[in-house]
Amino acid sequence: MLKLNSHPSGRHFLQIPGPTNVPDAVLRAIDQPTIDHRGPEFAALGRKVLAEIRQVFQTRQPVVIYPSSGTGAWEAALANALTPGDAVLMVETGHFATLWKKMAVNLGLKPEFIAGDWRSGVDPAQISARLAEDRDHAIKAVCVVHNETSTGVTSNIPAVRLAIDQAIHPALLLVDTISSLGSLDYRHDEWGVDVTVGGSQKGLMLPPGLGFNAVSDKALAAAKASGFPRSYWRWDEIIEANKGGSWPYTPSTNLLYGLSAALDQLLAEGLPNVFARHRRYGEATRAAVRAWGLEILCRDPAEYSDALTAVVLPEGHDADALRSLILEKFNMSLGTGLAKLKGRVFRIGHLGDFNDLTLIGTLAGVEMGLALAGVPHRAGGVKAAMDSLCAAGSHLPEQRKAA
Ligand SMILES: Cc1ncc(COP(=O)(O)O)c(C=O)c1O
C-alpha cells in the first residue's frame, strides 16, 4: 500500500504553494458522518458557507461552489461567460496562465496571448493598447492570473480594470485567484471583476476538491447569452438551488464541513490580519533569500507575491536535486519549478495555516539543504528572516496577546 506521510517522527512540512497544510480544526470538521444533502441540517450548512464565502471574495454577488479542482472552476468561468469562437485576451505570466490559455483553445475560444518572460506580472498598458485597437469589440474577455503560482509574481488587478475602462471597452474581466484567495488582499466588487476563479487547497486551507466562481451581474447577463453547450457548470441552475442551501447535484458534503470550519478560522482572525500575516511572511522569506545571496525570480519588488517565493539557483545547480535532498533529510516538500522553470527554481510556499515558527522551520530546512547540497550561498538567511519578523511585530490576535 502507498505509504503517505511515512516519516519517523514529527510532522511533515508541506511547504509547496498549495495544496497547503490543513488545520486540525478543519480536518476534524471533515471527519464527521456524511449527512443527507437534501435534508434541513445540510441546508443550514449550505446557506452558512454560501453567505460567508462572499466575505472572502469581498463581494455581495453570488459565489458558485463546485465539487471540482481549480481547473474545473476555470472551465466554468469560460463556459458560462463566453461563446465558442469568442476572442479573449490573456497574458503569459507563467505556467498557469499558459494552461488557462490552452484550455481556451480546447474549448474553441480564440485566445490572443500577450507574451511574457515568466518573471513579471500583467502590464496594464499592453491591455489598454490592445483593447483600444479593437474598435469593433471582438475581444469578449480579458483573463489574467492574480497570483502566478509558478513564478511568485502578483499582478495589479485594479490597474487591469482601469486599463479596460480607459480603453472604453466592454470586455469582461476574468481573474484567477486560485493561489491568492484568503492570503492576499482581493476585492471582487471594488475592483470591478466579472468572474473570480478560486480553489480550496491554498489560502482557504482545505484539501483540494472545491472550485469557486464569484460572478458579477454583467457576467450573469453574459451567461444568459452564452452559446456554450454546458450543463454541470451552469451558474443559473446552481444559484437557483443555492437559494434553499442545496445544489442541483450531490455536493462535496464533507469538504463543505471543512469549508465552514476554515471560514470560521479566517473570519475570526479577520481578513486584514490574514493579509498582514502573509505580508510579514513574504518579506521575511525575501530577507532570507537576499541574505543567502540567491535571486528571487520575480523581477519587480512591487509584484512580489506574499503567498510564495520562487528562488533561482545558480547556473549548474539543479533545484530538483536540492528539493529531493531536503525531502529526504528534513521531511519537507518544497515546490518544483514548472515547465520551462524545471530545475532552475524551487518555490517556498508561505501561505495558509502558517505561523512565524513554521516559516523559520521552513527556512532553516532550506538553509541546511543549501549547505548539504553544496549550493553556493551565504549563511544567515534564517537570522535575516527572524530579524524581519521581529521588526514587523507580532501578528498574534489581540485576545491571545492579552491572555
Ligand atoms: C494560479 C493557479 N491556477 C490554476 C491552478 C489549477 O488548479 P487545480 O490544480 O486545482 O486544478 C493552480 C494550481 O496550482 C494555480 O496555482
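H12 crosses H13 in a right-handed way; a crossing counts as right-handed if the near helix is turned clockwise from the far one by less than a right angle, and as left-handed if anticlockwise. Helices here are DSSP runs of H or I with at least four residues, strands are runs of E with at least two, and both are numbered from the N terminus. H12 covers residues 356-373 and H13 covers residues 381-392; they pack at an angle of about 160°, their axes 9 Å apart. That makes H12 roughly antiparallel to H13. Angles under 35 degrees count as roughly parallel, over 145 as roughly antiparallel, 65 to 115 as roughly perpendicular, and the rest as oblique. The axes are lines fitted to C-alpha atoms over the stretch in contact, and angles run from 0 to 180 degrees between N-to-C directions.

A word on the source. This is a predicted model, in which local features need pLDDT of at least 70 and side-chain atom pairs count only at pLDDT 80 or more, while totals for chains, interfaces and linings use all residues. Residues are numbered from 1 along each chain as its sequence is written, and side-chain values use heavy atoms, with hydrogens and water left out.

Now the ligand. Residues around it, meaning those with a heavy atom within 4 Å, include Trp 74, Phe 96, Asn 147, Asp 176 and Lys 202. The shell divides into four nonpolar, six polar and two charged residues. For that count, Ala, Val, Leu, Ile, Met, Phe, Trp, Tyr, Cys and Pro are nonpolar, Asp, Glu, Lys and Arg are charged, and the others, Gly among them, are polar. Helix H3, residues 70-81, gives the most to the shell, with three residues.

Which side chains make polar contacts, that is, pairs of N or O atoms within 3.5 Å? Ser 69 has a polar side-chain atom 2.6 Å from a ligand oxygen, Thr 149 has one at 2.5 Å from a ligand oxygen, and for Gln 201 the distance from a side-chain N or O atom to a ligand oxygen is 2.8 Å. The protein covers 86% of the 390 Å² of accessible area that the ligand has on its own, by the Shrake-Rupley method with a 1.4 Å probe.

Last, the backbone. The peptide bond from Gly 18 to Pro 19 is cis.

How values were computed. Polar contact = N/O pair within 3.5 Å; in protein donor to acceptor, adjacent residues only side chain to side chain.
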